[in-house]
Amino acid sequence: MTSATILRQSILNDRHRELGSKLEESWNDMAIPQHYATDPYMETETVRTRAGLFDVSALKIIDLSGPDSLAFLNKLLTADIAKIPAGRSMISSIVDDEGGLIDDVLVYVDGDGKFRLSHGGGALEEALPVVAQGFDVTFSRDNDVHILSLQGPLALDILSPHTPMVLKDLPYFGHGKTTLFGIPVSLARGGYSAERGYEVFCAAKDAVFLWDKILEVGKPFGAMPVSWDCLDIVRVEGSLLFFPFDMPHKDTTPFEVLMDWSVDLSKPDFRGKAALLARKGTERTHQAGLEVLVAKAITPGAKIFKDGAEVGVVNSTTYSRHLMKSLALVSLRPDVTALGTALTVVDGDESFEANVVRTPFYDPMRLRTHPLEERA
């Protein structure tokens, strides 16, 4: 990930440099530890079998409150925020007046008219003042908050003894205020790894202490710090989309990336609803997954062909040593998305055979993040 402007810095940058990062890459106005000295495939194996600690403070957090906060959010976002109880969160799309995706947002409902919005590199903050006209609501960016994300099957065992929260009972997309190692934090269950994981929201002044303590108590479990190279691998393995890299059209609709679940057309109104109603059923492309028959990652932007005709584009890729496959998240013409469809990927001067496969590539039933015992 790169960005032309760096306006924010993680308080953990010295730790990242000690781990071999040069902090040359950036995303969302913040330098990020894209690479460490450790092998990203070893980091990935750690996340898949033990636990890896990411610094995802580059996410932007917006605090929002006021008497009209719920009505405002339901005007701004495609999901029905009224359906989310306090202590839970939900992913929603945000579209413009033409129904084109301009961001995706994770909404944390804190209760009593208070919300937190977590977003990446989209245009949420540009849309806030436009939609807020006529609503009694206040919002501001929290540039102090830092987010430490411990991801992997042993994350629960590592953190549970050090917080009074009964962490094993926290549902997926659940969150709450508590303490960790005696430090006030908000703990949330979620992440971007396709594993069970927890995100620690803390003040900048506490981030270094918490980073060090998590790694200290996690060391007997085999936990380690992991880079954004690893994050790229695990999120593609888990088929988790990344705005805007997996949205190839300038006006991609939620339907074109199969995010229909983020749109509640039964709501009386929201920004872009009329446009989405008009565009539903006219999708130019659909999100899909490809296994490419080559032992390397394909270049994003590579073209996809069927019987000589161009039918799609490659968006996000990785070579998964864990699955021993070259994986690609792609946008395809809807009529060629059937499982098993044979396609050709043209990457520069090379051509490779590929097949449409079920996604997620890793853990297709999402049992790692949604165990069966929690679905009863």
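Five bridges join strand β4 (residues 60–65) to β7, and these strands run antiparallel; helices (H or I, at least four residues) and strands (E, at least two) are DSSP runs numbered from the N terminus, and two strands pair if DSSP finds at least two bridges between them. The structure is a predicted model, in which local features need pLDDT of at least 70 and side-chain atom pairs count only at pLDDT 80 or more, while totals for chains, interfaces and linings use all residues. Residues are numbered from 1 along each chain as its sequence is written, and side-chain values use heavy atoms, with hydrogens and water left out.

β6 and β7 form a hairpin with two residues between them, and Asp112 in the turn has a positive phi of about 55 degrees. Of the six residues of β7 (residues 114–119), five are buried (under 20% relative accessible area; exposed is over 50%, partly exposed in between, with a 1.4 Å probe and protein chains only), so β7 is largely enclosed by the rest of the structure.

These strands belong to an open sheet of five strands with the order β5-β6-β7-β4-β8 and antiparallel pairing. Helix α4 lies across β4, β5, β6, β7 and β8, and runs at about 15 degrees to β4.

Two helix pairs were examined. Helix α3 (residues 69–76) and helix α4 (residues 124–131) pack at an angle of about 120 degrees, with their axes 11 Å apart; axes are lines fitted to C-alpha atoms, for helices over the stretch in contact, and angles run from 0 to 180 degrees between N-to-C directions. That makes α3 oblique to α4, given that angles under 35 degrees count as roughly parallel, over 145 as roughly antiparallel, 65 to 115 as roughly perpendicular and the rest as oblique. The contact (heavy atoms within 4.5 Å) is made by Phe72, Lys75 and Leu76 of α3 and by Leu124, Ala127, Leu128 and Val131 of α4.

In the second pair, α2 and α7 pack at an angle of about 55 degrees with their axes 9 Å apart, and are therefore oblique to each other. Pro40, Tyr41, Glu43, Thr44, Val47 and Arg48 of α2 make the contact with Asp229, Cys230, Ile233, Val234 and Glu237 of α7.

Helix α7 (residues 228–237) is mostly covered, with nine of its ten residues buried. The buried residues are Trp228, Asp229, Cys230, Leu231, Ile233, Val234, Arg235, Val236 and Glu237. Their cover includes β1 (25–27), β2 (30–32), α2 (40–49), β3 (52–55), β16 (309–320) and β17 (325–332).
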